[in-house]
Amino acid sequence: MAKEPQTPIDDELARQEQDAEVTEQADEERLIEGDLEGVLDDESPLGTETFAEGVSNPEAEVLAARVEELEQSLSEAKDQSLRASAEAQNVRRRAEAEAEKARKFALEKFVKELLPVVDSLEKALDSMQEDASDAHREGVSMTLKMQLDVLNKFGVESVEPSGEPFDPQVHEALTMVPNPELEPNTVMEVVQKGYLLNGRLVRPAMVVVSQKAG
């Protein structure tokens, strides 16, 4: 069967179909190239960021350890400073207390030596007979008063517990005498006065104490 001769219209249709096939093939090639470029652009070379995140930094670790060490040292230094300050305050308070104590009781030995003089003046005044002159009595009395005033000025006070309950902290019993008129362990008589220096006993009072009558 003989092939029919093609008309100009047929030639034009064939040419258009061929052009369409070429255009479609070119579009597919461009699409493939664009996809490949997008994939290459999205991926980081050799996964640099992920690799950097997964790998530790030795220098940073050393610095962090050093900072932690310095903070620990600072905390210890602060603690030691507070302890030293507290200890210094305690030492200062103890020193001040000792100095105050020494100041208050520095005269204790002197007072003990002076008390027998006071005792002698008191006995001399009590033993004076009626024939003693008023001037003599007044002179002894004024001397005794001056002595007592000086002692009082420096914190010395007498202990005269007549009629009070016996206190072994500040009294010394010379003897005990039965006495139905007094409660047992009551100071009946003061033989020798006692003395305190700034509240501390220098000499106990020598006393006679009552006891229950048999």
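A nonpolar core is taken here as a set of buried Ala, Val, Leu, Ile, Met, Phe, Trp, Tyr and Cys residues joined through side-chain atoms within 4.5 Å. Buried denotes under 20% relative accessible area, exposed over 50%, and partly exposed the range in between (1.4 Å probe, protein chains only). The model is predicted, with local features requiring pLDDT of at least 70 and side-chain atom pairs counted only at pLDDT 80 or more, while totals for chains, interfaces and linings use all residues. Residues are numbered from 1 along each chain as its sequence is written, and side-chain values use heavy atoms, with hydrogens and water left out.

The protein chain contains five helices and six strands, where helices (H or I, at least four residues) and strands (E, at least two) are DSSP runs numbered from the N terminus. Along the sequence, the elements follow the order α-α-α-α-α-β-β-β-β-β-β.

The largest nonpolar core has 15 residues, among which Val111, Leu115, Leu151 and Val156 touch the most other members. Two or more residues of this core come from each of helix 4 (108-127), helix 5 (134-153) and strand 4 (194-197). Helix 4 gives the most, with five residues. Apart from neighbours within four places in sequence, Val111 is in contact (heavy atoms within 4.5 Å) with Leu151, Val156 and Val202. A second, separate core comprises six residues, including Val159, Val187, Val207 and Val209.

Over the whole protein chain of 214 residues, 16% are buried. Of the contacts with a separation of 6 or more, 62% link residues 24 or more positions apart. The accessible surface (Shrake-Rupley method, 1.4 Å probe; for residues, only the protein chains shown count as cover) amounts to about 17,000 Å², with 54% belonging to carbon and sulfur atoms.
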